[in-house]
Each structure stands twice: as structure tokens, then as C-alpha cells.
Amino acid sequence: MRSIACNPSTGQRHGRRCHVSVILKAKPATAAEIAAQLTEAIHEHRLQPGAKLREDEVCDIFQVSRTIVRQALHSLEHKGLVTILRNKGAFVAKPSLKEAREVFETRSLIEPAMARAAALRATPHDIAFLEAHMKAEQDAIDREEVGPALKLSGDFHVQIARIADHHLIETLLKQLVARSALVIALYWRRRNALCDSSSHSSLVNALRDGDADNAEEIMKGHLLDLLMQLDLRDSPTGPVSLRDALKK
């Protein structure tokens, strides 16, 4: 907060007359903004599955009330990113082995159909958008920013559903991609593994050509490859500072 005060006896500040005291105050974060920052930290693996999200610490970081923090945490619980346990608090969700399989099996059922539909609907603007998205992902990889690259990689799949013009599936896929980030953090065989950029490039080419059959097959193979990269054995994760994860 920054204030500009007047001298009450002279009504002046720095030699100029001041009629009103002006107070400039930073706007407090909303529940949606807090949820968005926590979601980003989870997507980018700065917050690991099982990490505790202490209400008092979140309040201190964002300088908001517990009511706002609880609204944010409950919204993330609804999306499956946070687990809230009675008398224990909130934790980043930690998918079981069964859930890990189900997430990718569900994606394998719906995403090939979305790729097919996208190939029939993609416009030159859509293709240009995907190419720019892939470049941003590759730039993140080149900078060895694995977390942002993973997030961009997941978002690429959501954009395919957007192009397919299927809003219900797009919403569902956002949740599945978010859950995938948790699964990858726990079960990825190679810690620096990412979506195969050549698969994304091939998929964009199929969309550009309007080749629905090829787009569907590429997506099937791509998701199978992602599933094969999972090491479905439980792996421990170390503690992490919430403040560090949120880069505060």
C-alpha cells in the first residue's frame, strides 16, 4: 500500500496544495486468482502430489482471509487437483495407480475422436495458433524449463478439443490433462520426458491437410506412447516449500 499524505495544518505536499489524502492500495487476490496460481504450480510440478497446502501459509502468501483461501481450495478439490481431509487439511491430490491408468485410458477413448473432428474443422488460423504453441513448447524445452514445457504440452491437447468445437469434451479434457500432470509427477519413467514433439507436428500436418483418418491414428499412437512411459510403481516425493512453489 502507498499513501500520499497532506500536512493537516497547511494542506500542502511538497510545496503544492493538497485537498485530499490519496491512498493507493493493491487489489487483494481473488479465490479464482489463487486457484489459478496453485493450478499452475501443480501443472509445472513445483507442487508435488501429496504436498500439504496449509491455509495459514496460503493466507500469508496472498494476504487474504481464510474464507478466500478455502474458496480457492474447494474449487481445486472440485477439479480433482486437491484433496481436503477432515481435521487434516488440504493436500495436492495424489492419484493411485488405478487412477493413473484410468486417466490415460479415458484420454485414449476421447482424444482420437477429437483429433478426427479437429481435422474436419481446423481453419488456417487454428493451424497458425498450434504452430505458435508448438514453438513456445520447444522454446521452453530448449531453455530446459521442464515444468512450463509440460504445461504447454498438455494445453496442446486441450486446444485440439477446442478446434473440434466440442465444449463438453474440452472441459473434461482440461480436467484430465490436469490429472495427467499429477500422474506424470508420480509415475513418469523419465523425469524429463515430454510429449513427443514429432507427434504434435505430425498431428498439426494432418489437421492442415484435413486428413481425419490420419489425425485419429496419430493421436491413438501418441497417447499409447505416453501411457507406455508410465512407471506404475509408487514413488516417494520430498517436501516442498509452498512459498517456493508459488515463487513468492
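What percentage of the 248 residues in the chain is buried? Buried residues, defined by a relative accessible area under 20% (1.4 Å probe, protein chains only), make up 42% of the chain. The model is predicted, so local features need pLDDT of at least 70 and side-chain atom pairs count only at pLDDT 80 or more, whereas totals for chains, interfaces and linings use all residues. Residues are numbered from 1 along each chain as its sequence is written, and side-chain values use heavy atoms, with hydrogens and water left out.

**Figure 1. Overview of the predicted chain****.** The chain contains 10 helices and seven strands; these are DSSP runs numbered from the N terminus, with at least four residues (H or I) for a helix and at least two (E) for a strand. Of the contacts (heavy atoms within 4.5 Å) between residues at least 6 apart in sequence, 73% join residues at least 24 apart.

**Figure 2. The open sheet of three strands, in the order 5-7-6****.** Pairing in this sheet is antiparallel, two strands being paired if DSSP finds at least two bridges between them. Strand 5 (52-53) and strand 6 stand at the edges with a single partner strand each, so one side of each lacks a neighbour in the sheet. Two bridges link strand 5 to strand 7, and Leu53 stands opposite Ala90 of strand 7.

**Figure 3. The hairpin of strand 6 and strand 7****.** Strand 6 (residues 82-85) and strand 7 (residues 89-92) run antiparallel and are joined by four bridges. Leu85 is placed opposite Gly89 in strand 7. Three residues lie between the strands, and Asn87 adopts a positive phi near 65°.

**Figure 4. Helix 2 against helix 3****.** The axes of helix 2 (residues 55-62) and helix 3 (residues 66-78) come within 9 Å and cross at roughly 110°; axes are lines fitted to C-alpha atoms, for helices over the stretch in contact, and angles run from 0 to 180 degrees between N-to-C directions. Helix 2 is therefore roughly perpendicular to helix 3, a term covering 65 to 115 degrees. Glu55, Asp56, Val58 and Cys59 of helix 2 meet Arg66, Val69, Arg70 and Leu73 of helix 3. By class, this contact has four nonpolar, no polar and four charged residues (nonpolar: Ala, Val, Leu, Ile, Met, Phe, Trp, Tyr, Cys and Pro; charged: Asp, Glu, Lys and Arg; polar: the others, Gly among them).

**Figure 5. Helix 3 on the sheet****.** Helix 3 lies across strand 5, strand 6 and strand 7, and runs at about 115° to strand 6.

Technical notes:
Angles under 35 degrees count as roughly parallel, over 145 as roughly antiparallel, 65 to 115 as roughly perpendicular and the rest as oblique. Buried means under 20% relative accessible area, exposed over 50%, partly exposed in between (1.4 Å probe, protein chains only).
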